[in-house]
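Student: Could we go through this model together? I would like to begin with the helices and then turn to the strands.
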Amino acid sequence: MGKAQNFSPSSLDGLTSGRVSDPLVPGLCVSVSASGRKTWLFRRRVARSGAIVTLTLGTFPAYTIPVARAWAAELNAAIERGEDPRALKRAEEARQGLTVARAHALYMEAMRRGDRKTLKPRTLYDKEVIFIRDIEPRLGKVGLQQLTEDGCWEAVYDKAKASKVRANKMAGELSCFLKWCAGREGRMAGIEAMVHPAPTLNSNWFSTGPQANKRFLGDDEIGWLMCALVDEPLIYRRGFMLLLLTAARRNELFGAPASEFVDGLWTLPAARSKNGEENYVALSPWGRALAQTNHEWLFPSPRLDGPQLFGWFQARSRVHKRMEELAGVTIPSWHFHDFRRTFRSNARRIGIDRDIAELMLNHKRKGIEGVYDKNLELELRRSGFAAWEQFLCGLAVKAGVDHALGVLASA
């Protein structure tokens, strides 16, 4: 726990990292994430049972200091009576009828704690997104004990009308969640004994056709892509080209704070990495120029205090349509992840060793090599990214868009 200090709106606004305890209310503190998000936490031991109570209220300033202190005071009152406030809350919810939304919150608390299995940050994120986006709007207010198999499947089929891929993911996550609720872990979390209401839920129920797992862009397609980007706003020109230059995952790049880029080296922290491991991307002149920004975020949102995470797919559709107009032929659809496959398909061609290419993509080493080989090979990665940038520069020059995309200005 961090050192106690006086709490005021200005002092909390000035926090940049760590965890700071409230000097007036036992157990209450503010935790600051790597992105600067400030969250109210409560952590205190129950003397009678020895159990450690850990609860989260929400973020500051959405929850003010007086509100957070009042919340923590109620928890402290229960603890000083020798009671676990979590058990009291679960009992009250049981009397009122536990909803799917509240049960899922208990489920996510257990998943984050890693009671039985430690999940990767990206897996936790995906579970949260699927619930908020697809499950909660349809089933969130339904009583957990009132769920039926037909009700679950009807919700999944409704989602399939918009996207069969998302319907499959929804069914898979719903099945995992309900299995947890109906099992021992759910009962340990205070959920009344229940039978899994929809054991037939299947994450592969809908056929989504062949997956685009072999698609990569050829030299001509990269040239048309660069030409098509010229008419896009600057943020999308930067975003598409940096995604191609770094061979990074979309969310990892588009959600990056500018502080991760120092002297041309992008250090992706383990907490934001899909495989839970830190990654290093050494930018060459063109990439360095594209990554320069005076904002807190690499791609700041024009409307919200945070990164620009929306609008990219609409831009992709515009760019693809423009590519077909430039080429005069139909071009197979492509996804942002295909940029990674495009790099990997050209790595050997431009002299990048197979193992180094895998490190550049932040793929985990497997087997015995993964256990014993811990060399980061930073210099070889740097050489690899330089070779890849040089290759793309050549295509930009060939397409006649090097000036428009800032290639020469970065040399």
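Tutor: A definition comes first: axes are lines fitted to C-alpha atoms, for helices over the stretch in contact, and angles run from 0 to 180 degrees between N-to-C directions. Helices (H or I, at least four residues) and strands (E, at least two) are DSSP runs, numbered from the N terminus. The model is predicted, so local features need pLDDT of at least 70 and side-chain atom pairs count only at pLDDT 80 or more, while totals for chains, interfaces and linings use all residues. Residues are numbered from 1 along each chain as its sequence is written, and side-chain values use heavy atoms, with hydrogens and water left out.

Student: At what angle do α5 and α7 pack?
Tutor: Helix α5 (residues 121-139) packs against α7 at about 90°, and their axes are 10 Å apart. The two are therefore roughly perpendicular, a term that covers angles of 65 to 115 degrees.

Student: Which residues meet there?
Tutor: From α5 they include Lys127, Ile130 and Arg133, and from α7 they include Arg166, Lys169 and Met170. The residues of this contact (heavy atoms within 4.5 Å) comprise six nonpolar, six charged and no polar ones. Here Ala, Val, Leu, Ile, Met, Phe, Trp, Tyr, Cys and Pro count as nonpolar, Asp, Glu, Lys and Arg as charged, and the others, Gly among them, as polar.

Student: Is Asn168 buried or exposed?
Tutor: Asn168, which lies in α7 (residues 164-182), is buried, because its relative accessible area is 8%. Buried means under 20% relative accessible area, exposed over 50%, and partly exposed in between (1.4 Å probe, protein chains only).

Student: What does Asn168 touch?
Tutor: Leaving aside residues up to four places away in sequence, Asn168 touches Asn202, Ser203, Asn204, Trp205, Phe206 and Thr208.

Student: Now the strands. In what order do they form the open sheet?
Tutor: The order is β5-β6-β7, with antiparallel pairing. The edge strands, β5 and β7, each pair on one side only. Two strands pair if DSSP finds at least two bridges between them.

Student: How many bridges join each pair?
Tutor: Two join β5 (residues 261-262) to β6, and four join β6 to β7 (residues 279-282). Val262 has Leu265 as its bridge partner, and Trp266 stands opposite Val281.

Note on methods
Angles under 35 degrees count as roughly parallel, over 145 as roughly antiparallel, 65 to 115 as roughly perpendicular and the rest as oblique.
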